Amino acid sequence: MNDRLKTIVDLEKYPIQDLNSPKIKEIINKCKTELDQFSCSTIPNFILPKSLKIMNVELEKQVDKVYMSKESINPYLHSIDESSLGKDHPKKIFSKRYNGYLNSDLFDKNSEMKFLYEQKELLNFVSACVGISPIYRWADPLACHAYNVMKPDGILPWHFDSCEFTLSIMIQKPEKGGIFEYCPYIREPGNENFEEVKKVLDGDRKRVRQLKLEPGDLQIFKGRFTLHRVTKVEGNRSRYLCIPAYVLDPWRVNTPEHSRAIYGKVLPIHLERNKPRADGLAD
Ligand SMILES: [Fe+2]
């Protein structure tokens, strides 16, 4: 293990460097149960306060490079209308979005977040929690461990992620709002379940759960199968999150359309690897 890891993660509480320790086994079991049931699990105070400050500073130092987008999107992260569908289809429903990312390719070589993402201890811990091995770090050079920025009035409408396993580390909470809401397992490989997705878009709250995340907490989340959103950020303080992501396919990256709409640019790798997904789901 690299010594720097113990300055970032609270290894006394969460010894992810030793997955055989009874302490971490208990945490993994709890996470796995919650993930199986609710597609989401939270590990409180995973990141040490000092490291959290470093992450906050490294983001604020580059906050002018954050790509802020106000493009409306549908739940599949498209900003372009697929006109052959009926007007009630979820793919035709576009909602207001005001949200930004500090893309992963802009991180310093020595970045705290980048370092954490590259540690095999974190990868193996997440793999144990989701109960799938192997999983991989995401090959997308812009999205793999981006910082998410939601300024006052920021909003992220209902959507699915394109990666299977999304981590969220809360860096800075807004004064009010900015609440994460999700509908566990509303779709699955081979079944989009458009009818139920439409109900949620229309305001049905039956499936909706809320998650409270405090600075330093780690959330593990199956965002590809779970419709989710972040409510409007209220007050003067921005909401900062870092979002390291893991995938089942080490080759795949975001589609060119998705990368352009969300991360503000398309790289050659997005065009070269733009092939249909094996799970048959839209993204
Ligand atoms: Fe998401």
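1. Lining of the largest pocket. In this predicted model, the lining of the largest pocket has 8 nonpolar, 6 charged and 1 polar residues. That lining is made of 15 residues, and those nearest the centre of the pocket are Glu164, Leu248, Asp249, Arg277 and Asp279. The space in the largest pocket comes to about 230 Å³. Rolling a probe the size of a water molecule over the atoms is what shows where such empty space is left.

2. The second largest pocket. Its volume is about 170 Å³. Lys173, Gly177, Gly178, Ile179 and Leu213 are the closest to its centre, out of 14 residues that line the second largest pocket. By class, this lining divides into 6 nonpolar, 6 charged and 2 polar residues.

3. The iron site. Which protein atoms are the donors of the iron ion? They are NE2 of His159, OD of Asp161 and NE2 of His228, and they lie 2.1 to 2.2 Å from the ion. Along the sequence, the spacing of the donor residues reads H-x1-D-x66-H. Asp161 sits in the loop between strand E6 and strand E7 (165-172), while His228 belongs to strand E12, so this pair ties together parts that are 67 residues apart in sequence.

4. Are Asp161 and His228 buried or exposed? Residues count as buried under 20% relative accessible area. Asp161 has a relative accessibility of 12%, so Asp161 counts as buried. The value for His228 is 4%, and therefore His228 counts as buried too.

5. Helix H5. This helix covers residues 194-201, and its buried residues are Glu196, Val197, Lys198, Val200 and Leu201. What do the buried residues of H5 pack against? Their partners are three strands: E6 (156-159), E9 (180-183) and E12 (227-230). Just after the helix, Gly203 takes a positive phi of about 110°.

6. Asn193 lies in the loop between E9 and H5. Asn193 is not a glycine, yet its phi is positive, at about 55°. Most residues other than glycine have a negative phi. Asn193 has a relative accessibility of 22%, so Asn193 counts as partly exposed.

7. Strand E1. In a regular strand the side chains alternate between the two faces of the sheet. Both faces of E1 (residues 40-43) are covered. Cys40 and Thr42 are buried on one side, and Ser41 and Ile43 are buried on the other. E1 pairs with strand E11 (residues 218-221) in the antiparallel sense, over 4 bridges. Within this pairing, Ile43 stands opposite Leu218 in E11.

8. Ser39 is in the loop between helix H1 (22-38) and E1. What is the phi of Ser39? The angle is near 65°, which is a positive value in a residue other than glycine. Ser39 has a relative accessible area of 0%, so Ser39 is buried.

9. A cis peptide bond. Most peptide bonds are trans. The bond from Ser133 to Pro134 is cis, with omega near 0°. Where does Pro134 lie? The location of Pro134 is the loop between helix H4 (120-130) and strand E4 (136-137).

Methods: Residues numbered from 1 in each chain as written. Predicted model: local features only at pLDDT ≥ 70, side-chain atom pairs only at ≥ 80, totals over all residues. Heavy atoms only, no water. Buried < 20%, exposed > 50% of the residue type's maximum accessible area, 1.4 Å probe, protein only. Helix = DSSP H or I, 4+ residues; strand = E, 2+ residues; numbered from the N terminus. Contact = heavy atoms within 4.5 Å. 1 Å grid on protein atoms, 1.4 Å probe; cavity = no way out; pocket = protein on both sides within 12 Å on 5 of 7 lines; lining within 4 Å. Points joined across faces, edges and corners; volume = space filled by probe spheres on them. Nonpolar A, V, L, I, M, F, W, Y, C, P; charged D, E, K, R; others polar. Pairing = 2+ DSSP bridges. Donors = N, O, S within 2.8 Å, 3.2 Å for Na, K, Ca; no water.
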